[in-house]
Amino acid sequence: MTKITDIMRQQANPLWEASFNHPFIEQLSTGALSPQTFRYYLKQDRFYLENFAALHGKIADQIDDPDIKAFLYAGAEGFNDSEKEVRKEFFSELKITQEEIDQTHIAPTAYSYVTHMYHELNEGTPARAAAALLPCYWLYNEIGKKLIQLGSPIKIYQRFIETYESPDFTTATDKMIQIVDQLAETADQKEQQEMIQAFVRSSYFELHFWEMAYQRQEWS
Ligand SMILES: Cc1ncc(C[n+]2csc(CCO)c2C)c(N)n1
């Protein structure tokens, strides 16, 4: 039987291809990406990562399966990710000060993405919310695997790429794919369609997150 995650991946493919070919990604690899754009991305991604971790916990609260619960709680605590540590190093290397962080407000696309994920949980179901989290793991893992072959001449961009290509991160991605497939098994057809929609919408926001950073989007 076709897995729901295969359907999701297929339906979101044009959006994923657009992410792979986005100038932010291409320039990360060539090294041409402006350091100011990368800094903007990191500062906005803080908002995303905070909410992403919190959502893991909120979804886990509503799930009975002990295995899935444990994985999601670990994600909420940041046990799965070296990402947090790496980001701390990036912030200190790029001299992004606490003052600069305090003065940063969430930009429109980051706000919309986070709002979408909460909507899938609060107005939807834990299965829909898990589907909304999946592109985050899976898209970055595919980008990591593609970019690692090209590498980047800029050290910090190279380290960014390596974060998403590690064996641990690939294992976490595979686990999250399996969780979404498992949650779909007990969902009815309507909920399965809503899970697919949540995944495609997150894929849309992933693409527009690169664009937000590339344009250094503001509210006005
Ligand atoms: C907009 C945006 N989307 C995805 C990621 C990647 N990411 C965030 S948390 C996590 C799981 C554990 O590290 C992964 C892969 C990101 N950083 N920013």
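This is a predicted model: local features need pLDDT of at least 70, side-chain atom pairs count only at pLDDT 80 or more; totals for chains, interfaces and linings use all residues.
Residues are numbered from 1 along each chain as its sequence is written. Local features need pLDDT of at least 70, side-chain atom pairs count only at pLDDT 80 or more, and totals for chains, interfaces and linings use all residues.

**Exercise 1. Overall fold**

Determine how many helices and strands the protein chain has, and compare its radius of gyration with that of a compact globule.

Step 1. Helices (H or I, at least four residues) and strands (E, at least two) are taken as DSSP runs, numbered from the N terminus. The protein chain has twelve helices and zero strands.

Step 2. The radius of gyration is taken over C-alpha atoms, and the globule rule is 2.2 Å times the number of residues to the power 0.38. For 220 residues the rule gives a value near 17 Å; the protein chain has 17 Å, which agrees.

Step 3. The C-alpha trace spans about 45 × 35 × 35 Å along its principal axes.

Step 4. Two residues are in contact if their C-beta atoms, placed from the backbone, lie within 7 Å. Of the contacts with a separation of 6 or more, 78% join residues 24 or more positions apart.

**Exercise 2. Helix α11**

Check the span of helix α11 (residues 167-185), then find how its buried residues are arranged around the axis.

Step 1. The expected span is 1.5 Å times one less than the number of residues. The 19 residues of α11 should therefore span 27 Å, and the end C-alpha atoms are 27 Å apart, in agreement.

Step 2. A residue is buried if 20 or more other C-beta atoms lie within 10 Å of its own, exposed if 12 or fewer, and partly exposed in between; these C-beta atoms are placed from the backbone. In α11 the buried residues are Phe 169, Thr 173, Met 176, Ile 177, Ile 179, Val 180, Leu 183 and Ala 184.

Step 3. Viewed down the axis of α11, these residues fall within an arc of 160 degrees, so they line one face of the helix. The arc is that of the directions from the helix axis to the C-beta atoms.

Step 4. Pro 167, Asp 168, Thr 171 and Glu 185 are exposed on the face of α11 turned away from its buried side.

Step 5. The partners of the buried residues are α1 (4-11), α5 (66-77), α9, α10 (155-163) and α12 (189-215).

**Exercise 3. Single residues**

Is Lys 95 buried or exposed, and what is its phi?

Step 1. Lys 95 is in the loop between α6 and α7 (98-102). Lys 95 counts as exposed because it has 8 C-beta neighbours inside 10 Å.

Step 2. Lys 95 has a positive phi of about 55 degrees, although it is not a glycine.

Step 3. Arg 216, in the segment after α12, is also not a glycine and has a positive phi of about 45 degrees.
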